[in-house]
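Biologist: I would like a close look at one part of this model. Please take me through it step by step.

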Amino acid sequence: MKTLSFRTYSSIALATFTLSFSALSSAAQTLNVYTYDSFASDWGPGPKIKENFEKLCDCEVNFVALDSSVGILSRVQLEGKSSSADVLLGLDLNLMEAAKKTGLLAEHGVDTSVVNLEGGWSDKDFVPFDHGHFAFIYNAETLENPPKSLADIVENQELKVIYQDPRTSTPGLGLLLWMKSVYGEKAASAWSTLASHTVTVTKGWSDAYGLFLKGEADLVLSYTTSPAYHIEAEGETKYQAVETTEGRYPQVEVAAMMKSAPNKVLAERFMSFILTHDFQSTIATGNWMLPVVDLDQPLPEAFAAAMKPVTSLMLPADQVAEERKAWVNEWLNATTE
Amino acid sequence: MNRLIGISSLLPAMLGVGLFVCIGVFSLMALLRYSDVAEWSSFLSQPYLWRLIRFSLWQALLSSLLSLVIAVPVASCLFHRSFWGRSFLLQLFSVSMVVPSIVAILGIVVVYGRTGWLAQISGIELPLYGLTGILLAHVFFNMPLAVRLLLQVYALIPTGQWRQAYQLGFDRWSAFRFIEWSYLRKALPGAFVLIFMLCFSSFAVVLSLGGGPKSSTLEVAIYQALRFDFDLNKASFLALLQVLICTVIALFVYKLAPVNHQDSSLLAQSRFSIRDSYGAKALDVIAFLCVLVFVLPPFIAILDPMFSTQFLQTLSSLRLWQAVLVSLKIAFPAAFISLLLGLSFCVLARYCMGRGKLDIWSTKLEQLGNLILMVPGLVIATGLFLWLRDLGLSFSSSYWIVVWVNAVMALPFVLRCMMPCFYQQERRFRHLYSSLGLQAWSRCKIEWPLVRSSVAQAFAFALLLSLGDMGVIALFGSQGMVSLPLYLFQLIGAYRLEEGACVAVVLILLCLGLYVLFSRIVGGRWHAQG
């Protein structure tokens, strides 16, 4: 009798243990975050964010690293409603309309009043997570008279310029909009002036920046925060951003959650986590961009240049979405004549 | 009865070819399901599209002609002369085609760029960005490939002909005219089509070194439609257009091409040296100089980071070895599948050979295998994914999609490696085998020593191609699936260019190592000669 009860007890105990274990493992759920590769990489902000969020949520963060922000979008479009993505992290301003149109995104419900961007933030589908401005970078040791404006860059035939193809890269698209907001109707002729001293137009940022560092051009299209990388990581101060008097075109990187998120509750928690210190403090020296909320501690000295107040030139999102194709064609025609 | 057994033993091969065709057709159909044919005519009315097609054709024509014109004397030189470093050079040649384009581009820039070696040494500044840059890069990628293909043709020349040439006191020129050329000219159209396709769909090179949208290719438009706009309609239209253009060109070239009737007397080659002359020496020196100019310097530039202090640090990173592992996990199954598919094609093609009505199928099969080159990997992968998604299988399958697409993309190279050798065995031994009633396995056992080198080389090629693949993995990458090329891009994307350069060295050394392993050890020493 006794042995029997012992057996019963032990089997009950075992069953409870198994149950609780399986309950535990289902509690430790996985949050799938689709992002671009350098964000998720070891030296990017990804690992720190994963650690910080996992402390709060009793869950596991799984980054799915895709090759670019465009890659994130086309991946979920490919997967459609059956996607295993909970959160998309790394789309940018100019992809927002396209992403909304897919009908795959859910409203985030996060209070974005803490966002410290010019004009605040009111979008219901996207939460911004970092920002910066596009800028042309030059090497101060080899370029003695750097240009002072976008018009200088366009008109000075001595300057050799590399930028990215707006059909295949987000910085390239950023420049397209930058030119449009500065030149408006006259953009076509500005493009053809620029084309006469353009070294090459590359597929993506990596090719362009690589060519620039190899000394192939005086100027390359990148971000205002690029010099900060060289200062912080390499102690190199010769790379600087061209001051553009017309103002700069902003890049804001955003996150969104999926309607079909397998793990909705976690996704919502993660969306509000984005605007907290634990997330934002990893951005500057992890992703080499600026945080979107005020932090207790100031950013490293190296970011001083990137933090300077500038006029943000920004075209309305719906206009961008509507006219992008026409503007790309304008660029194509102007640069191939 | 005997005939029936013959056909039933072909079943696995039919299954292989059938699988290849079915999956291809289904993935294209999946893409077409999302397209709206009514809109297609409006795409055709864009003048930019036509400019793009014109430029694609023009640069592909120039690139492939240039690669072949240089490859012919280089192959002849490499065949006739043995010198120090020759086999290393040949191995380097096999690797050059799999170097990720961004790495090759930066290598070429180090050599020919504004502040490059050429400019520093000679003060000559090439107008690199534009057609020059594209041609330099395409010759860098494809001339070595052409040399390898031509050397295989050399391996088919029966020893008897060399013996005779030796006895008659031929000099190199007569040997070339009377012996080599008659073999080469039959192989050149095939090589031309292969390289033409590769250059026609070239993408990263054209965008980086082309200088601007003026020189762009159809592939860019496809990439853009698929990745940027997710416009499946436009992507499938452009992909079909690309297939159409390439098919027309391929058919045209094949129409003009003489049929290669191989001699069947070859067993193993012994060397007969052809009379040397100053003219021949001079030509060889020129051919070799071409190699020294086009292929070696960018390679040295790519391998240069090996001597930096960063290199050891890179080697000690765990991430690197994880990436190596992932790459191998993709490359080995891909190469294995590619080899199985290739064997299916070879076995069927040679069965059809010389059997009356079936005969034309032997070339048709080869062309079918090559067809895959005309469709961008991205299109195949997307189609395949959509199809599997409709079947509800997509998530677990992304790894296998990467493997499969890599496998089929390597198929044309696998076929090029194996087909000539398989045809030859068939010619030589068909009657013997059928009179002895030897089938299937027993035939395999007899033939293995004769075909092993070409099989091993095909495997090595497929392995290298999958190892260097960037396109498909980028579409389906995830945390657990960061391959070596993807890791390279992560580093470059985070400004870590130097570390990226070191990873590129690791990738290339890995390719070299695996190539030597498979072509020498599995393929046997005999092959290493040619």
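How many Å² do chain A and chain B bury between them, and what percentage of it is on carbon and sulfur atoms?

Modeller: Keep in mind that this model is predicted. Chain A and chain B bury about 5,300 Å² between them. Carbon and sulfur atoms carry 59% of that area. On the side of chain A, A:W43, A:L78 and A:R167 lose the most area to chain B. Together they make up 16% of what that side buries.

Next, the polar side of the interface. The rule finds 14 residue pairs in polar contact across it, both partners at pLDDT 80 or more. It also finds three salt bridges between chain A and chain B. One of them joins the side chains of B:D229 and A:R324, with N to O at 2.3 Å.

Finally, one residue of chain A. A:S222 sits in strand β8, which spans residues 219–223. Is A:S222 buried or exposed? A:S222 counts as buried because its relative accessibility is 0%, and the cut-off for buried is under 20%. Its side chain makes a polar contact with the side chain of A:S226, at 2.6 Å. Leaving out residues up to four places away in sequence, A:S222 touches several others, among them A:H133, A:F134 and A:W205. The list also includes B:Y495, a residue of chain B.

Key: Residues numbered from 1 in each chain as written. Chains lettered and ligands numbered in written order. Predicted model: local features only at pLDDT ≥ 70, side-chain atom pairs only at ≥ 80, totals over all residues. Heavy atoms only, no water. Buried area = accessible area lost by both parts, 1.4 Å probe. Salt bridge = Lys/Arg side-chain N within 4 Å of Asp/Glu carboxyl O. Polar contact = N/O pair within 3.5 Å; in protein donor to acceptor, adjacent residues only side chain to side chain. Helix = DSSP H or I, 4+ residues; strand = E, 2+ residues; numbered from the N terminus. Buried < 20%, exposed > 50% of the residue type's maximum accessible area, 1.4 Å probe, protein only. Contact = heavy atoms within 4.5 Å.
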